[in-house]
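Colleague: I am new to this structure and would like to learn how to read it. Could you take me through a few features?

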Amino acid sequence: FVSEYQSKKLMQESGVTVQRFYVADNAPDALQAAKRLGAKEIVLKAQILAGGRGKGVFDSGLKGGVHLTKDPSVVGELAKKMLGYSLTTKQTPKEGVKVKTVMVAEALDITRETYFAILMDRACNGPVMVGSPQGGMDIEEVADKTPELIFKEVIDIFEGVRDDQALRMAANLGFKGPLERQAADQIKRLYDLFLKVDATQVEVNPLGETPEGQVVCFDAKINFDDNAEFRQKAVFAMDDMSESDPTEMEAAKWDLKYIGLDGNIACFVNGAGLAMATCDIIDLHGGKPANFLDLGGGVKEKQVYEAFKLLTADPKVEAILVNIFGGIVNCAIIANGITKACRELELKVPLVVRLEGTNVQEAKRILSESGLPIVAANDLEDAAKKAVAAIAKK
């Protein structure tokens with residue numbers, strides 16, 4: 001994930017029109033930036049990876065992570081109450097997120113707000129432009145209430161965005177006269193950025209029109225293709241890991257997809273779809289999953305061990321459910337990893353294992369001869385019931 005100022009910087013480098021801005025990590029620099037801007041009005045924004053900043057609250061007592069002012073001299077004082085303090089919004093953890101940088105930008109009036117995005121669409125096997133003249137609000141709401149105001153253009157990956165497509169989208173967004181050509185130009189530049197950074201989505205909300213007759217990208221969200229990290233080193237270096245969950249970061253080191261949840265039954269699964277189904281079936285039988293953990297395909301014994309280490313380190317975990325459907329995955333590798341982890345980590349919680357697929361008989365033999373207190377399950381439903389029952393017995 002990248003911050004708002006980083007998105008703006010990437011857009012700027014592709015010739016996309018954004019507000020003039022500076023970034024500061026201390027109050028004196030924020031004050032200098034405000035004076036240097038020489039703008040009629042200034043907007044000061046806390047830079048964290050969470051939405052709802054405007055309505056957030058700082059533990060310094062300051063209300064709001066976004067402040068507008070016409071007086072540059074107050075920016076330093078405001079920044080002092082933001083930097084080094086935690087901001088809590090509807091999207092942050094309860095304790096909030098510490099603010100390390102602020103963005104000082106020129107505030108521009110917006111006469112009209114539109115929505116524009118470029119994203120990968122599986123149905124079209126490539127990128128699609130999506131736009132609406134109803135910007136500045138939740139696009140799902142627009143799609144639900146006024147679907148006729150959502151416009152799509154399929155982009156030919158070999159041709160790119162054609163002039164007639166860009167102009168048609170600009171017209172559909174409601175840009176008129178010379179602004180239509182200006183908006184079409186911004187659309188083409190945004191597509192250049194989409195390609196250049198290996199994005200899976202570039203969402204601009206709002207793509208606005210100013211009273212001075214300028215088309216400006218006011219806020220953007222950019223998602224990047226993880227598979228492109230090898231050739232997008234500069235982009236991936238922008239990722240501020242300090243806001244990430246430490247367990248998720250540790251899991252990523254071992255190519256494990258981990259998301260912490262608030263239940264007490266840890267899930268250890270191969271494949272994202274199966275992992276979601278496992279969480280659902282635990283829930284169905286009255287339990288609560290403690291996490292989502294996807295081992296992926298080419299799993300090694302070491303990854304199994306590290307996954308167990310992560311799961312057992314969570315104090316909330318009262319039982320572990322292993323659900324492996326081995327196609328690419330060799331069940332015997334999983335079984336060896338499980339027995340090694342159980343012995344070395346001295347597992348203290350009940351362990352329920354369901355294995356199916358490649359080399360499953362050998363895997364079951366390894367587990368049964370291990371002498372470890374492992375509960376075998378016949379299928380996913382049986383596994384979920386046994387995991388829930390194991391906690392009830394405690």
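**Reading salt bridges and helix packing**

Modeller: This is a predicted model, in which local features need pLDDT of at least 70, side-chain atom pairs count only at pLDDT 80 or more, and totals for chains, interfaces and linings use all residues. Residues are numbered from 1 along each chain as its sequence is written, and side-chain values use heavy atoms, with hydrogens and water left out.

Colleague: How many salt bridges does the structure hold?

Modeller: A salt bridge is a side-chain nitrogen of Lys or Arg within 4 Å of a carboxyl oxygen of Asp or Glu. The structure holds 25 of them. One of them pairs R168 with E153, at 2.6 Å from N to O. That pair links distant parts of the chain, with R168 in helix α5 (residues 163-172) and E153 in strand β10 (residues 151-154), 15 residues apart. Helices (H or I, at least four residues) and strands (E, at least two) are DSSP runs, numbered from the N terminus.

Colleague: Is E153 buried or exposed?

Modeller: Buried means under 20% relative accessible area, exposed over 50%, and partly exposed in between, using a 1.4 Å probe and protein chains only. E153 has a relative accessible area of 9%, so E153 is buried.

Colleague: What are the accessibilities of E346 and K348?

Modeller: E346 counts as exposed at 53% relative accessibility, and K348 is exposed at 69%. Their side chains meet in a salt bridge of 3.8 Å, N to O. In another salt bridge, the closest N and O atoms of E369 and R365 are 2.7 Å apart. There, E369 is exposed at 57%, while R365 is partly exposed at 35%. Salt bridges that share partners also join E153, E159, R162, D164 and R168 into one network.

Colleague: What describes two packed helices?

Modeller: Two packed helices are described by the angle between their axes and the distance between the axes. Axes are lines fitted to C-alpha atoms, for helices over the stretch in contact, and angles run from 0 to 180 degrees between N-to-C directions. Helix α10 (residues 301-312) packs against helix α11 (residues 331-344) at about 45°, with the axes 8 Å apart. Angles under 35 degrees count as roughly parallel, over 145 as roughly antiparallel, 65 to 115 as roughly perpendicular and the rest as oblique. The helices α10 and α11 are therefore oblique to each other.

Colleague: Which residues of α10 make the contact?

Modeller: Contact means heavy atoms within 4.5 Å. E301, V304, Y305 and F308 of α10 make it, and the residues on the α11 side include I333, I334, G337 and A341.

Colleague: At what angle do α9 and α13 pack?

Modeller: Helix α9 (residues 272-284) and helix α13 (residues 380-393) pack at about 55°, with axes 9 Å apart. This pair is therefore oblique as well. T278, I281 and I282 in α9 meet L380, E381, A384 and V388 in α13.

Colleague: Why is helix α1 described as largely enclosed?

Modeller: Seven of the 10 residues of helix α1 (residues 4-13) are buried, so the rest of the structure largely encloses this helix. The buried residues are E4, Y5, Q6, S7, K8, L10 and M11. Just after α1, G15 takes a positive phi of about 80°.
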